[in-house]
Each structure stands twice: as structure tokens, then as C-alpha cells.
Amino acid sequence: MRLSKMLFVTLREDPAEAEIPSHKLLVRAGYIRRIGSGIYAYLPLMWRVLQKVSQIVREEMNATGAEECLLPQVQPAELWQESGRWDTYTKAEGIMFALRDRRNRDLALGPTHEEVITTIAKEMIRSYQQLPLHLYQIQTKFRDEIRPRFGLMRGREFIMKDGYSFHTDEDSLKETYKDMDKAYRNILRRSGLAFRAVEADSGAIGGSGSQEFMVLAEAGEDEVLYTEDGKYAANVEKAVSLPADAEPSTFKAYEKRETPNTATIETVCKFLKCSPTQLVKNVLYQAVYDTGMTVLVLVNIRGDQDVNEVKLQNELTKLAGEYQAKALISLTVPDEEAQQKWAAKPLPLGYIAPDLSDEYITGSKSVNSKFLRMVDRTAVDLENFVTGANESGYHVVGANWKKEFDLPKIVVDVRTAKVGDRAVHDANQVLETARGIEVGHIFQLGTKYSQIMGATCTNEKGEEIPLVMGCYGVGVSRLAQSAVEQSYDKDGIIWPVAIAPYHAIVTIPNINDTQQLETAENLYTQLNQVGIETLLDDRNERAGVKFKDADLIGIPYRIVTGRSLKSGKVEIVERATHNSQEVALEDVVSYLQKSIAAAVDSKQ
């Protein structure tokens, strides 16, 4: 393709709406154009990148025996209501575009396709002899992000590969899950990306186990905790660890003490000259279920630890049935306005004890009249601890479970693992941190959807059994931008060779020089004929402008038909290293073939 014929416009200044380097560079280099909040047009260069990523995904998926299909973007609300996720996605997470057609039927633009694929399986799979089955698609998804940002990283419209597998049992599912783990590693490796596979929370998708694939980059929204031995890695939402040992308590007898102006852990520990590991803090949450029921949750946790709200959400979701609910709509720390709706009297905030009375709650049809009490494992074994006294300005010291306070029946792990914690698998290993961009996620769904939606088959004994399911997603457009976030410099993008829009760009410093022009035209033709995808910069621009644009758009190899032509050579500049060398005209094709093959093969 000739740049003079392309829709090719570069910008010298960063766009105002862009926050991270990859977003700035993709806009400046003419890859994407903002159309609306979280909505972007993929311009010709970007579309070539997306096609290459998609092709790598297809090849790896097809190699596992998966079959490609295409599912509808518009989905009937009944399917989501049947699975119990309509309220979760339209109200709790609020990320699904809901609409009504002319007959007043509720519809949604698909953020994901578990309900659709389960419906197809229910109607078409009858026998174990049809299994295992694995279908996937590459399609535009729609999610109404609260705050779209970072370009294609968190847009409202994006391209995704999602796949779904069906099995007779968990063993078969685990085999496909293993295949997907390998396929996803291959996809990222072939795309030229540094990544880490980590244990993850299943979120609203659900299921028993899941794994995320993180492209390592400083601008990543996710924090990954890992050990140096390579045996453990997890998203911080999921990570577990061994906390530091609690210091022995200095208090030997139970007593109530006046502790003025000590509503924080730091201030009370300073006042009482104690360690936060000797303290039980009591954190109040307000949970709202899909039935409209509000439940006040009191979590006891060691003073030096923080509640991981994702872990807490998961524990509360498990208890939904206790409140005749299917899903958790929201989880918040109740502010003053929220407290006014249910608090019978002002709460002793900052001084709450584990036995905060249920009388603080004005029960009603929509508010549960008792606190749901949970204790984190870090607080269970504490002795002679410090905690609130349920009275502003007072704490108690020397307190014990089963003596001064009842130990809650629900014991949970809801603490946030931290850098420097000891690893569970080896206490000699400590957790380290990295930032990552989630580009892939695989789930073992089990029978979560098949049981609810009645997707069954007959087994070898003729018995009706629910289908066991797996779910596997790759963000195609997100992966493309994450490659830029991982690899750029002050001059622009540095594309991995395998997914670059073109392999090479032939730059003519002076289009009025007949020799430069003719040589460039010949090289352009030769290279494309042998499969080296090549751009020709034949624009009537200054050489400096062309060189800057070539660096900005990140094409792996730049061929310059300049002064070295007098000795029968051209200059070839490698974008990643800026290394430059003169190559004889007759050797250009073979030189690039070897260089491209070496770059791609090293990632296979």
C-alpha cells in the first residue's frame, strides 16, 4: 500500500482524552479515531493488526479442535432472566445495554454469550456421543462501562474471542481447560508479548476455577502477586498468602479504657502503645441482593489487614439463598445517608465492637433485622486483643473470643494478600508485585448455567445429566493495544513483527530523485511479491517527516533509498533497536526474509 493513497494522518500532539501511552500513540499514529465515549473507529492500519491477532487466535483455537461460529449480538431478556443474570448485568454491574423493540420486548446487546450458547446446547445436544463439543466466535461485544477510558483497553464496544465447551463430566472439562491454557499461552507468545498466567476470581461469569492471562505493563489496571520460583501467581483479587505473625498481646486483663480521638487503627495503636496485629477491627458493609433485601454485614479482621471486597462479595453471593435471592446487586460501606435509612440510633463508628447490637437496625421488609457476622481467619486465634467498646471514645483491651465476645459462626478468608507476605506453598517465598493488562480469561463453569437453564444430555446409562461447561475469552482489540503499552519508546510504537500492520516500509527521502523513486518502486514490488508486507512512503514530504512517521507507526523495518544508492545499497533500520546497516540491493529481500523469520520463530 502506498501512503499517498491511504487514509493516513498523524498527530504531533497527544490527544486531550488519552491518559496512557498506548492510547496516545494509537490516536497520534492514525490507528484509531474516537467517535464517542468508549467508541472507536479502527482505521486501516489498526484493522490489519486486529486481523493478524484474530488469525493467530483462529489458528490456535482450530488446532485444539474447536469450531468457529457466529452468535447473535442482540439477545432476548428471557434468556438472561432464566439464568438469573438479568438484574446482575443491568442493575448490579450495570454493564449491559438493555433496550426494547417495537413490540415492547426487552432485549440486550451481548456483553457475553453464556445464555445464548447454553440455549443452543439445550436444543441441540441430546447424547453423550455428541460430546465433548467446543464452539467459539470472534465478534464485537458491547458493555456499558461506567467510565470508559484508556482507548481500546476499557471501551464500550470491543472485539473479543469467546468460546464455550460442553462435556459429560469434570474430567473432560479439565482436559479442554488444559488445552485452552496451552492455546492461550501460544497466542500471547506468537503475538510477541511478555505475559503471566495467574489465578483469578470468576466474577459475574461464575464457575469453580478460572485463570487470567496478563500482559505485563506498567499501565496495567490489575495487580499481579507472584513468587520468584514461578510456582504461584494470582490477581490480587484472588491471591492468598500467609500474613505476618501476630505479636503477643501486652494486655493480660480485660478492661474498658477511655481512648479519645482514636477512631483509626493508627491512632488507637499509638494511644495504647500496641501493635495493630493485637487488634480486631470491625468493618461494616451494606449488601443489597436482587430481591431488594438489604443485609448489614459486620466483618471482624486483624487490625493490620484489609478486607478484599471481591472475596467478600463471593462469600455473600454463596449466602444469597439465605435471603431468598440469586445474586448480590451491590456491596458498599454505608455512608451517613445510607445509615439514616436503617439505623435506629447513631452508630459508634470507629469504636464498633464484634458484638454490636442488632438493635441498631430498624428492621423492615427490605432490611434484614440482624447483622450478618463474619470473622476473617486472621482474627480467629488472637488472644487478649484490643477492639472497640461500642461507645465513642472507648476501646476494650485484653479481650478474648468465647469469653467477652462470641466467635462468629462464619469463618472466612477475606483478607487482601500483600507484597512481602509469605507464600502459602512455600513460606520461604515472598509475594512480589507486577502490573498487568488482562487480555484472556478461562473458566471452568461446571453446571452453573446448564442446571439453571435445563441443558442436559443422556449418559452411557441412559440417565439425564446436566452438561458440564467451560468458557474461554480473549480480548482481541485489548490484546492489540496491550502490545503497544508493553512496547514503545519516545519516538512511537514498536510493534512485535507477528502482529505489525506491515513488516516493512520503504521510505523515499526525495521523490524528485529518479533513482530513489525507481529503486523504491522496485523494492516495494519485489518485497510484496515474496510475502513481505510492505508500505511505500511516496508522499511529497520532507525526509525528516517521513522518518518520524515511520517511527511513530512502528513498522518493524524501514528501508531508506538514500545516499547509499550510489554504492548500490540501501539503509535498513530496525525499529525495535534503531540499529542501522547498509544492505546491497540484491540482498534486501533475503535479508528481510531471514530477519522476519527469526523474529517470528523466536516466539513460536
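Two strands pair if DSSP finds at least two bridges between them. In this predicted model, Tyr285 has Val297 in strand E15 as its bridge partner. The points below cover the sheet around that pair, the nonpolar cores and the cysteines.

**Sheet**

- Strand E14 (residues 280-289) and strand E15 (residues 294-302) are paired in the antiparallel sense, over 9 bridges.
- The open sheet that includes these two strands has 5 strands, ordered E16-E14-E15-E17-E20, and its pairing is mixed.
- Strand E16 (328-332) and strand E20 (410-412) are the edge strands, each of them pairing on one side only.
- From one strand to the next, the twist averages 30°.
- Helix H8 (residues 309-318) lies across E14, E15, E16, strand E17 (372-376) and E20.
- The direction of helix H8 is at about 140° to that of E16.

**Nonpolar cores**

- The largest nonpolar core holds 60 residues.
- Tyr31, Met46, Tyr184, Trp495 and Ile553 have the most contacts inside this core.
- Helix H2 (residues 44-63) supplies the largest share of the core, with 8 residues.
- This core lies between domain 1 (3-69 + 111-237 + 433-485) and domain 3 (502-599), because both domains give residues to it.
- Leaving aside residues up to four places away in sequence, Met46 touches Leu26, Tyr31, Ile32, Leu152 and Ala480.

**Cysteines**

- A disulfide is taken as a pair of cysteine sulfur atoms within 2.5 Å, and by this rule the model has 0 disulfides.
- For Cys69, the closest cysteine sulfur is in Cys471, 13 Å away, which is too far for a bond.
- Cys69 has 23% relative accessibility and therefore counts as partly exposed.
- Cys269 is also in no disulfide, and the nearest cysteine sulfur to its own, that of Cys274, is 3.9 Å away.
- With a relative accessibility of 8%, Cys269 counts as buried, since buried means under 20%.

Note on methods:
Residues numbered from 1 in each chain as written. Predicted model: local features only at pLDDT ≥ 70, side-chain atom pairs only at ≥ 80, totals over all residues. Heavy atoms only, no water. Helix = DSSP H or I, 4+ residues; strand = E, 2+ residues; numbered from the N terminus. Axes fitted to C-alpha atoms, helices over the stretch in contact; angles between N-to-C directions. Contact = heavy atoms within 4.5 Å. Core = buried A, V, L, I, M, F, W, Y, C linked by side-chain atoms within 4.5 Å. Buried < 20%, exposed > 50% of the residue type's maximum accessible area, 1.4 Å probe, protein only. Domains from an automatic or database assignment.
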